[in-house]
Amino acid sequence: RESESSIMSVLRAATPLFARASRQALARTAAPVFRANQHARMFSTTMVAREMRYAKSHEYCNLEGDVATIGISDHAQSALGDVVYVEIPESGDPLKVGKGFSAVESVKAASDIYAPMSGEIVEVNSELDGNPQFLNEDAEGKGWICKIKISDKSEFEKLMNKAAYDKFVEESH
């Protein structure tokens with residue numbers, strides 16, 4: 001009985017030390033991971049944090065305020081194969097939802113790109129002109145095609161969210 005009591009008192013005294021040592025060990029191992037994740041986030045595309053919406057024609061739209069970033073979905077680039085050319089639209093051009101505004105050519109096929117929202121092009125991704133492979137490398141990030149000042153925000157709500165788009169793609173096959 002006495003030995004049990006002395007063992008228990010030793011354990012009670014040691015528990016805070018073990019707990020503190022465990023927290024410190026966890027902090028040492030978790031801190032580099034956290035710093036690495038912070039570092040990676042700094043270089044990742046800003047589109048990841050916002051909600052992306054998708055059209056049935058496989059374009060995405062990422063709305064921030066009254067400016068939408070538009071490109072083709074990762075599924076679309078995968079289906080196209082190696083992209084060799086992207087037709088870059090002109091800044092200032094009007095877009096009407098459902099109408100073609102660009103085209104992509106790959107080793108497999110050529111495909112028109114349709115506007116998922118209406119508006120006026122305010123910026124184009126001129127990097128695609130010499131680097132069409134950006135669509136294959138990061139279609140929903142650095143492979144964006146243009147940014148538009150939207151004319152009807154309600155069009156965004158009619159597009160599919162990621163879960164609905166994934167289901168649409170799955171059911172299409």
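**Figure 1. A nonpolar surface patch of about 290 Å² made by Val84, Tyr85 and Val107.** The view comes from a predicted model. Tyrosine 85, one of the residues of this patch, lies in strand 4. Its relative accessibility is 38%, so tyrosine 85 counts as partly exposed; buried would require under 20%, and exposed over 50%.

**Figure 2. An open sheet of three strands in the order 4-6-7.** The pairing in the sheet is antiparallel. Strand 4 (83–86) and strand 7 (110–114) are the edge strands, each of which pairs on one side only. From one strand to the next, the twist averages 25°. In general, the strands of a sheet pair through backbone hydrogen bonds, in either a parallel or an antiparallel arrangement.

**Figure 3. The pairing of strand 4 with strand 6 (residues 100–106).** The two strands run antiparallel and are joined by three bridges. Tyrosine 85, found in strand 4, has glutamate 105 of strand 6 as its bridge partner. Tyrosine 85 also takes part in the nonpolar patch, together with Val84 and Val107.

**Figure 4. The pairing of strand 6 with strand 7 and the hairpin between them.** Five bridges hold the antiparallel pairing of strand 6 and strand 7. The hairpin that joins strand 6 to strand 7 passes through three residues. Glutamate 105 stands opposite alanine 110, a residue of strand 7. Glutamate 105 is also the bridge partner of tyrosine 85, and tyrosine 85 belongs to strand 4.

**Figure 5. Cysteine 61 and cysteine 146, neither of them in a disulfide.** A disulfide is a covalent bond between the sulfur atoms of two cysteines. Zero disulfides are found in a search of the whole structure. For cysteine 61, the nearest cysteine sulfur is that of cysteine 146, 9.2 Å away. For cysteine 146, in turn, the nearest cysteine sulfur is that of cysteine 61, at 9.2 Å. A disulfide requires a pair of cysteine sulfur atoms within 2.5 Å.

**Figure 6. The burial of cysteine 61 and cysteine 146.** Cysteine 61 has a relative accessible area of 0% and is therefore buried. Cysteine 146 likewise counts as buried, because its relative accessibility is 0%. Tyrosine 85, by contrast, is partly exposed at 38% relative accessibility.

Methods: Residues numbered from 1 in each chain as written. Predicted model: local features only at pLDDT ≥ 70, side-chain atom pairs only at ≥ 80, totals over all residues. Heavy atoms only, no water. Pairing = 2+ DSSP bridges. Helix = DSSP H or I, 4+ residues; strand = E, 2+ residues; numbered from the N terminus. Axes fitted to C-alpha atoms, helices over the stretch in contact; angles between N-to-C directions. Patch = residues over 30% accessible without salt bridge, like charges linked within 9 Å, V, L, I, M, F, W, Y side chains within 5 Å. Areas by Shrake-Rupley, 256 points an atom, 1.4 Å probe, with all protein chains shown as cover. Salt bridge = Lys/Arg side-chain N within 4 Å of Asp/Glu carboxyl O. Buried < 20%, exposed > 50% of the residue type's maximum accessible area, 1.4 Å probe, protein only.
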